[in-house]
Amino acid sequence: MSLNYHELTMNEPRDSPAKRKQHLVICTIMGVMFLHSGIMAGLFHPMSIEKGEFPGGEFTHKFLTRDYAASSGTQRAIEADLGIENTDKMGWDAPSDSADLLFSVFLDNDGSIPGGMTRYASGMITEDKEKKRMLLDTNSKAEEMTAKDYPKNVKYDVAILPKVNAVTVLHPTT
């Protein structure tokens, strides 16, 4: 979010009253926008942090070496393989139905590994054999794909994640 004041006033005399008034108005607008962004991000809302337990289970996943930001794209590819639609009746983007189904497990500290070389696994933990079969059936299609079809050309694998103590953080605006 930025507003360039200098381009708006380049034709004004150096110390004109109109320029000062315009500067005050623009600074007020920028301040209000900054405050609004902070409020919408949850600046004044407490986060709920609770001790819990990660249930573990069979993790059907794709193992990748990319930048961690690519994990959300990988999850969208997995949603497509599962047939999960993230659009409403009008065709607009809608919140994902996979919030408690898909997970990413990050294996490296991105501060000590060069960018684009961090390892992660994105997939689902479920006891639904039909969903697991849907994902594993796409492995035969992955062999036919080229490198430009990444991450769809990466095969699914199954691993067992252990049950462990965990902390749940819930942000009020998510």
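This report describes the helices, the sheet and the contacts of one predicted protein model.

## Basis of the model

Residues are numbered from 1 along each chain as its sequence is written.

## Overall layout

The protein has 5 helices and 6 strands. Helices (H or I, at least four residues) and strands (E, at least two) are DSSP runs, numbered from the N terminus. Along the sequence, the pattern reads α-α-β-β-α-β-β-α-α-β-β.

Of the 174 residues in the protein, 25% are buried. Buried means under 20% relative accessible area, exposed over 50%, and partly exposed in between (1.4 Å probe, protein chains only). Contact means heavy atoms within 4.5 Å. Take the contacts between residues at least 6 apart in sequence: 69% of them join residues at least 24 apart.

## The sheet

Four strands form an open sheet in the order E3-E4-E2-E5, with antiparallel pairing. Strand E3 (102-106) and strand E5 (156-161) stand at the edges. Each has a single partner strand, so one side of each is left without a neighbour in the sheet. From one strand to the next, the twist averages 35 degrees. Axes are lines fitted to C-alpha atoms, for helices over the stretch in contact, and angles run from 0 to 180 degrees between N-to-C directions.

Two strands pair if DSSP finds at least two bridges between them. E2 and E4 run antiparallel and are joined by 8 bridges. Here Phe59 has Ile125 in E4 as its bridge partner. E2 and E5, also antiparallel, share 6 bridges. His61 stands opposite Asp157 in E5. Another 5 bridges join E3 to strand E4 (residues 118-125), again antiparallel. Val105 has its bridge partner in E4, at Ala121.

## Helix H3 on the sheet

H3 packs on the sheet and touches strand E2 (57-66), E3, E4 and E5. The direction of H3 makes about 30 degrees with that of E4. H3 has 13 residues and reaches 19 Å from its first C-alpha to its last, close to the 18 Å expected at 1.5 Å a residue. The expected span of a helix is 1.5 Å times one less than its number of residues.

The buried residues of H3 are Ser71, Thr74, Ala77, Ile78, Glu79, Asp81 and Leu82. Their cover includes E2, E3, E4, H4 and E5. Gly83 follows H3 and has a positive phi, near 80 degrees.

## Where H3 meets H4

The axes of helix H3 (residues 70-82) and helix H4 (residues 129-137) come within 9 Å and cross at roughly 110 degrees. The two helices are therefore roughly perpendicular to each other. Angles under 35 degrees count as roughly parallel, over 145 as roughly antiparallel, 65 to 115 as roughly perpendicular and the rest as oblique.

Ile78, Asp81 and Leu82 in H3 meet Lys131, Met134 and Leu135 in H4. By class, this contact has 4 nonpolar, no polar and 2 charged residues. Ala, Val, Leu, Ile, Met, Phe, Trp, Tyr, Cys and Pro count as nonpolar; Asp, Glu, Lys and Arg as charged; the others, Gly among them, as polar. H4 also lies across E2, E4 and E5, running at about 30 degrees to E2.

## Helix H2

Helix H2 (residues 17-40) has 24 residues. From first C-alpha to last, H2 reaches 35 Å, close to the 34 Å expected at 1.5 Å a residue. The buried residues of H2 are Lys19, Ile26 and Gly38. Just after H2, Gly42 takes a positive phi of about 95 degrees.

## A loop residue

Met117 sits in the loop between E3 and E4. Met117 and Thr65 are 52 residues apart in sequence, but 5.4 Å apart in space, C-alpha to C-alpha. Leaving aside neighbours within four places in sequence, Met117 is in contact with Thr65, Arg66 and Asp108.

Key
Predicted model: local features only at pLDDT ≥ 70, side-chain atom pairs only at ≥ 80, totals over all residues. Heavy atoms only, no water.
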